[in-house]
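Dear colleague,

Please find below the structure that I am handing over to you. My notes on what was found in it follow directly after.

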Amino acid sequence: MSLLEVKQVSKRFGGLTANQDVSFSVDAGTVVGLIGPNGAGKTTMFNCVAGYYVPSAGSIQLDGRNIGGLPPEACARAGVARTFQVARTFTSMTACENVMAAAMLLQHNVAKARTAAMGWLAFANLQRFADKPAASMTISEQRRLAVARALAIEPKILLMDEVMAGLNPSEVREAVDVVLKIRDRGIACLIVEHVLEGIMPIADKIVVLDRGVKIAEGTPQQVSNDPAVLTAYLGD
Amino acid sequence: MTTEILLQTLASGVLIGLIYALVAIGLTMIFGVMDIVNFAHGEFLMLGMYSTFWLFSLYALDPMITLPLTVIMLFAFGMLLYKLVIVRIINAPMLSQIFTTFGIMILLRGVAQFLWKPDFRSIENSAVSGSVKLLGLQLGRPQLVAGLGAIVVTGLVYFFLNRTRLGAALEATASDKEAARLMGIDSHKMFALAWGIGAACAGAAGGLLATFFPIFPDVGASFILLAFVVVNLGGFGSVSGAFWAGILVGVIEVMGGLLLGPQYKTAIVLVLFLAVLMFRPQGLMGKKA
Amino acid sequence: MKNILLSAVLAAVALALPSVVDASHLNTVILVLMAAQLGVAWNMVGGYAGQVSLGHAAFYGLGAYTSTVLLINFGVNPWLGVLAGGLVAALLSLAFGWSCFRLKGHYFAMATIAVAELVQIFFTEWEYGGAAVGLYVPMDKHGWLWMNFATKLPYYWLALGLLLLTLAANWWIERSYLGYYFRAIKDEPDAARSIGINIARYKQVALTVSAFFTALGGSLYAQKELYIDPGSVLSTALSIKMALVSILGGVGTLLGPVVGSVILTSIEEFSRILFGGSGRGTDVIIYASLIIFVAVFYPTGILGWWTSFKERRAARADASRQIAAHAATAQPTGKEAV
Amino acid sequence: MLEITNLKVCYDDVLAISDVSLKVEPGKIVAMVGGNGNGKSTTLRAVAGLNAAAAGSISFNGQAIHRMPAHKRVPLGLSLVPEGRRLFPGLTVLRNLELGAFTRLDKHEVKSGIAEMLDLFPILKERASQLAGTMSGGEQQMLAIARGLMARPKLLMLDEPSWGIAPKFVTKVLDVIQQVNQTGVSILLVEQNLQKALGIAHYGYVIQTGRIVMQGTGQELLNDERVKKAYLGL
Amino acid sequence: QQEVKIGVIYPLTGPGAAVGAELRSALELAADIINNGSPGIADLPFSAGKGLPNLKGAKIKLVFSDHQANPQTGASEAERLITQEKVVAIVGAYNSAVTATASQVAERAGVPFLNPESSSASLTQRNFKWFFRTTPHDDLFVHNAFEFLKELEAKKGIKPGVVVSLNENGLWGTETTKLQTKLAPEYKLNLAKQVMYPAKTTQLTSEVQTLKAANPNLVLQSSYTADAILSMKTYKELGFLPDMILANNAGFTDTDFVKTLGKDAEYVITREVWALDLASRNPLIKQVNDLFNSRYKINFTGNSSRTFTGLMVMADAINRAGSTEPEAIRKALVATDMPGSKLIMPWKGVKFDATGQNVLGQGILTQIVDGKYNTVWPFNLAARDVVWPMPKWDQRK
Ligand SMILES: Nc1ncnc2c1ncn2[C@@H]1O[C@H](COP(=O)(O)OP(=O)(O)OP(=O)(O)O)[C@@H](O)[C@H]1O
Ligand SMILES: Nc1ncnc2c1ncn2[C@@H]1O[C@H](COP(=O)(O)OP(=O)(O)OP(=O)(O)O)[C@@H](O)[C@H]1O
Ligand SMILES: CC(C)C[C@H](N)C(=O)O
Ligand SMILES: [Mg+2]
Ligand SMILES: [Mg+2]
């Protein structure tokens, strides 16, 4: 069975249906891309999985456990980590403290949390900022910090919403490397992204949404040749 | 308890509620545009009352005549206060904003005492004194006029915000002042305007209230808690919310006092207020955060 | 090293103080200590966890009333009464949190005022608690056992001890995981949830601890002034003062409220002593002007201003160094048209 | 039309750009590229008046504007579509567009201007009365551009307009930019999608750690080895 | 020349400031008389103006302090006055809650505290050694009011009928309500309804409607100034008028009450401790009031006259003590026996019982007619007959 199972999920806002009977799955240790035109319902789906929205219908399971409708903190405890489009750094803390706050989910001991946090900072190549106020870091550094922080809860799956937007091609490449490193630690990644150069080469699977409905699913190769995807999203 | 008493009380509740609404509209306006809670709002009201009082006692001008004058003076005062003090705390943390306006509140009370002594004043025999019989109900004429005034002012503010270019600019500034500047809107002018209008509403309320409420330096303290409740209940920043919530609070207070005992009237309002927030944390007509 | 030295100096001052000042100045010092203690307690939830409560007088009053009612009606020793007051306030904080924590920002602040106001109305009507008439703490049982003294000195030690206790608790919290959680909740509540922090629970923890210590302060007030009534221990003005002390000194810092209390209490006392007798409100004008001045020009409080002043000085030096380094290594360099 | 000379900008005490000089000729598209945090947005914000110039000068159509408050620059014909869209989320799409035309004096033409925008971006037409804040990221970006155009600017500055936009629309957005340019509006474009941006630009600048380090026509820059290596990762 | 410092603690700013200002004037006048004399008012103690004769003509010096109606501030000020200003005695503090804490400081420090005008009965139930109160307290005032009604029925055949009360819900109103509840049956009064309200209220509609529903002949009322004024306006607005309003001082005797309400204040009866028309029996009253009026352009009120008297009593005690030793002053206070003829109050005199309460004090009732407070009870002091019932609102000139 897959790590994350999204089954027949719908989400409605008043009269508007942002997701309609969407189903897909993410296997442990794989990278899955969630793409689609603007307003397709990607962020909405993302928020349902991370616990920020309660799905109007359908079920979401992580490791066989139902997490649909759980609040965000419970989803996090269950093993779902996420990043935000704007970094949402804890600005009154240093970089290390940001990550420690997350590491404390596993143990309340401050010293142990610090050790763990330093490990994740090193992973994200941010050791040199450890004792600097996080507010003083640049936006892209803060985004990387957010990844380190998300990883510090040692999730089973990491959700990333448009982390590569606003990066130039060589920066995109660095970001891709980070994703691969995360995957290599056995953490699955569900990525919402428009920067296709960032997601196509590394995704094990791509799910395409359009107007709230899943219109395609498959390897990057299959998807990019799918005529429905071409008309709806990629353009010709 | 007779129906007559109930109806009479209901009518009084609506009338006092309209005054609450008028005070609260100014408050919600300032909040809506600037995200600042003005603790000194009751003192704006007090200034409006004193201005009416002095014009009456020094120049024998009737409160109904001086109302526009008071409104203009308070408008200018609000703008001035913005330019002198508030402009410096636009980007300060919420707490220091609260304490700036809190300081202004104490300051204005102190200044009022310094200039006008702590005596209780009042205006007698203005053009609107006395009471009238209306549909079998006995209503104070000043209260009636004040209620009508409140409706008119609310209507004007509502029209201004929703139908005029400047109103749109004010709302734009409220939602993102930097973006508003990119549209060519002078955000400082808008903020000053918000304080001006906010103070002017309080001034109007003060002018109307002065015809039937004693005037003294601490008078704002009696109204501020209720004004906060009204603004909150209506939803911070919502003018129509403040209007309806004002009436609601007036009616609940008066009816609750009548039916459950006057010493509990404030408690009833507060309990209702907290209960509403349980179900609508953004207030009755507030926008979701 | 610097800290140890500073602590030693402070300890020496604390020990020597009572023997060099007269009872009235000692009383002022006690007021400073008591206000500081309240500020520190408030700061736990208002500063660290960022939940701006303007209703803390409810806890203070509850502390004062619990110990006093127990003493008068059941002869319960105040030492136990103080503890009971803390626990009762902690209990009330659950209801307080339950009704207010779903609200954010200004809605929260206003709701806390409403709750405190309700508590005040309750005590104004509550026959058993003396209603509006208030309660007198009996003066007949003296001494440390009954926490009741004819002189000021013991109150100095009590206030000092309570402040140190509260500071110690705050210090411990600040360094434990709770401190991290509180600050995370304050900075970015959504992000805090994403890393598994149950923000409702930890806001409540912050509030409950804060309520407990605030209540202790209230009981001490009752034992010191020997008369309580709803107006003096449950007023909104009191809630605001607790917050004000923290803000003046610097919210979310351990010693901020202490600094704030020294400043605020001095302004309050001296402006009143110097100008209050005139009866023209001059003291109020001065007091208010100073509050406005500090709020406008030191929006992060005196301590906050001091740290950011030091930080900025460091950052400026740092930045110029970085830019110099960048300029030296930047490739390609110079403006060149291709 | 726009001329920036030796511009220096600080945030509080921290230097953000140290020395930027660039020119936009009338009717041209000029692109500014560079890595994250190198000062592109800061430059645009300084031209729009959101950040003060610590040193240097900015002139627009021969008039020095660097001391002018932001809202006074708009009627001169300067319009910025800022980074992160900065819509008025609580207002409807239509009201956002109306506000874009705040400084325009030809009130009656504003209506037809709005109609034009709704034709240009059909998705906005569908959602004319939706609150801007509840629209998807891409939809919001369209609205931001449309709002910027409502001012009828002579110089339109765009800060990363393709940010968060689906590939199909990126092309569309760049098409719109070219269309607008053809009507005589000059464009100053900041964009991470280097190939596409430099592809449509008449001229380009490369900014690094707060200073202009290279300039040339779009094609020249695209072909430059150093640009390829540093920014395209080729 | 020696100076005797007396601390005075009053609400000079904040909610009680209006009263505080009047009290301050009364205190200044009293001090001035003691120090510089009041030629022509021979009966007044110290009218010779030689200071305190037994202390070699020492002048008294008042040290004013502001308690802002805050009990903690009152206590701090008392502490400061005692330890820093080294005052030999304290006079204060109007608000009963503040008197409670401030006197507690004096008690612990062993400094005499004289309270001229706080009315809470509980203040003298604390077994304090250093606390003295010259004014009668609420217990007596409520008795007075009921006594008046009883005599009214007996002597003039006027029956009170249905009685209701309207009291503010603070310390004072609450104590008064309790006493009224307790005493009404003893006086066989039909107390149909007791309404309490928050003094800081913005409207009294529901209160007045509740009263109206009980259709009373008599309203017993305890209000501060703003709410007293508001209540009268609301009565008129809602067309409510009982046969008699029997008010309990405070707001109803504030100078601003009549000034503000004009003819709408007419015919209200209020308990008092002082009235100008008592001058016919006690010339001091008019003489001192003239002095006061020439200086401050206002007449004495029950509050300011009591405060004036308080300071006089304190000065007298210090003088008799012939020393500034606290214990000596306390003993002198205990031994105080001042005849009514030396007071500007309609009292039999000043003499303290073991609790420190003056037992010779007395209340009077006055009715507002033609903008003046006219003594109507005790009948032997009355300057006018009671007007009963009150003329309807629309039947007044
Ligand atoms: N809170 C909300 N209330 C009403 N409608 C909403 C809300 N959130 C999203 N929507 C609508 O739901 C649809 C899907 O939005 P969503 O943000 O999920 O799109 P997306 O796929 O993330 O788009 P983009 O790529 O542009 O970010 C959009 O049409 C949007 O307007
Ligand atoms: N509000 C701010 N406060 C302090 N420093 C800032 C602020 N905004 C930007 N900076 C700093 O100014 C410098 C230039 O930032 P700028 O946003 O102009 O870069 P950019 O080239 O637009 O980057 P990006 O590609 O990320 O948008 C950076 O070092 C950044 O950290
Ligand atoms: C004048 C009074 C009725 C008030 C009284 N002195 C008190 O507060 O106790
Ligand atoms: Mg999205
Ligand atoms: Mg940028």
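This is a predicted model: local features need pLDDT of at least 70, side-chain atom pairs count only at pLDDT 80 or more; totals for chains, interfaces and linings use all residues.

Ser41(D) takes part in a metal site. The magnesium ion (ligand 5) is coordinated by the OG atom of Ser41(D) and the OE atom of Glu83(D), at 1.8 to 2.5 Å. These two residues are 42 residues apart and link distant parts of the chain: Ser41(D) belongs to helix 1 (residues 40-48) of chain D, while Glu83(D) sits in the loop between strand 6 (78-81) and helix 3 (93-100) of chain D. Glu83(D), with a relative accessibility of 42%, counts as partly exposed.

The second topic is the domain arrangement of chain C. The domain assignment divides chain C into domain 1 (11-299) and domain 2 (302-338). The C-alpha centres of these two domains of chain C lie 43 Å apart. Contact between them involves ten residues of domain 1 of chain C and four residues of domain 2 of chain C.

About 510 Å² is buried between the two domains of chain C, with carbon and sulfur atoms giving 78% of that area. On the side of domain 1 of chain C, the residues that lose the most area to domain 2 of chain C are Gly249(C), Val259(C) and Tyr298(C), which together account for 60% of what that side buries.

Between domain 1 and domain 2 of chain C, zero salt bridges are found, whereas three residue pairs are in polar contact.

With kind regards

Terms used: Residues are numbered from 1 along each chain as its sequence is written. Chains are lettered from A and ligands numbered from 1 in the order in which they are written. Side-chain values use heavy atoms; hydrogens and water are left out. Donors are N, O and S atoms within 2.8 Å of the metal (3.2 Å for Na, K and Ca); water is not among the atoms, so sites may look incomplete. Helices (H or I, at least four residues) and strands (E, at least two) are DSSP runs, numbered from the N terminus. Buried means under 20% relative accessible area, exposed over 50%, partly exposed in between (1.4 Å probe, protein chains only). Domain bounds come from an automatic or database domain assignment. Contact means heavy atoms within 4.5 Å. Buried area is the accessible area (1.4 Å probe) that two parts lose on being put together, summed over both. A salt bridge is a side-chain nitrogen of Lys or Arg within 4 Å of a carboxyl oxygen of Asp or Glu. A polar contact is a pair of N or O atoms within 3.5 Å; within protein, one must be able to donate a hydrogen and the other to accept it, and residues adjacent in sequence count only if both atoms are side-chain atoms.
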